[in-house]
Amino acid sequence: MKYESFCRQKLALWIGMMLLLNCLIQEELYWIEDRLKAQMPSSSDSDEEYEAYQQALEQVWEELEYFPVPDSTLKDTEAVSFENTWQAERTYGGKRKHEGCDLIPEKEESGYYPVISMTDGVVERAGWLEKGGWRIGIRSDNGNYYYYAHLESYVGDWKEGDQVQAGDLLGYMGDSGYGPEGTTGQFPVHLHVGIYMPLGVEDELAINPYWMLKYLEEKKVKWDY
């Protein structure tokens, strides 16, 4: 009898834990859905517009292939970290919101970490941008724009129209930007990643790359550095 009572207690405890886990997962899904809705344009209050937004967002997920900073084949410690700083305040050039995610290297050395393309696409922008430094923008076949900023240098002479494959080396992480062409050292070395969807609006819609990058952490390539 004692054994049967013990088994029933264990079963009840297991069922309780499963119910709690299910509730936590469901709450996380609700939280993510709320975050997605918060990113929608303020004018998008119809079911059709929300569906179009979700479909465009799904295309972004489908395009993603690799984490933008490869793992080192030579050292296990040359890692990068990142936090969800979406919409955090920035002040250079006036108050504004952070429209991306910053990847912070363990080793703060400009030009050390390679940066690769997360997707296939075509180079749409390359060169100096005051706020982004040496940056490169890749436009996917679905029209989404992938923005890599604050590079130390490029690999080759990227120009508008160049084809890019997921995993292609774009350049090296740096600390360029926040000033006239060639400005460096205004902030720590890092890679700013931005993702923008057109959605038929005049100004492209920035979306939070944090969850995409978390997903891509399991999809890293190896690089000799």
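## Glu-124 and its partners

At 24% relative accessibility, Glu-124 counts as partly exposed (between the buried class, under 20% relative accessible area, and the exposed class, over 50%, with a 1.4 Å probe and protein chains only). Through salt bridges with shared partners, Glu-124, Arg-139 and Glu-204 join into one network. A salt bridge here is a side-chain nitrogen of Lys or Arg within 4 Å of a carboxyl oxygen of Asp or Glu.

Take the link between Arg-139 and Glu-124: the closest N and O atoms sit 2.8 Å apart. Strands are DSSP runs of E, at least two residues long, and helices are runs of H or I, at least four, both numbered from the N terminus. Arg-139 has 16% relative accessibility and therefore counts as buried.

## What the model is

This is a predicted model, with pLDDT of at least 70 needed for local features and 80 or more for side-chain atom pairs, while totals for chains, interfaces and linings use all residues. Numbering runs from 1 along each chain as its sequence is written, and side-chain values use heavy atoms, leaving out hydrogens and water.

## Other salt bridges

By this rule the count comes to 7 salt bridges. Asp-71 and Lys-220 make one of them, at 3.6 Å between the closest N and O atoms. That pair links distant parts of the chain, 149 residues apart: Asp-71 is in strand β1 (residues 71-72), and Lys-220 is in the loop between α3 (210-216) and β14 (222-223). Asp-71 is partly exposed because its relative accessibility is 25%, and Lys-220 is partly exposed at 29%.

Lys-159 pairs with Asp-162, with 3.5 Å between the closest N and O atoms. Asp-162, at 17% relative accessibility, counts as buried.

## The largest pocket

The largest pocket has a volume of about 440 Å³. Of its 19 lining residues, Arg-96, His-98, Lys-131, Tyr-178 and His-192 are the closest to the centre. A pocket is an open set of points on a 1 Å grid over the protein atoms alone, where a 1.4 Å probe fits, with protein on both sides within 12 Å along at least five of seven lines; lining residues have an atom within 4 Å of a point. Points are joined across faces, edges and corners, and the volume is the space filled by probe spheres set on them.

Which strand gives the largest share of the lining? That's β9, with 3 residues. β4 (96-97), β5 (101-105), β9 (145-154) and β12 (191-197) each supply at least two. The lining splits into 8 nonpolar, 5 polar and 6 charged residues (Ala, Val, Leu, Ile, Met, Phe, Trp, Tyr, Cys and Pro count as nonpolar, Asp, Glu, Lys and Arg as charged, and the others, Gly among them, as polar).
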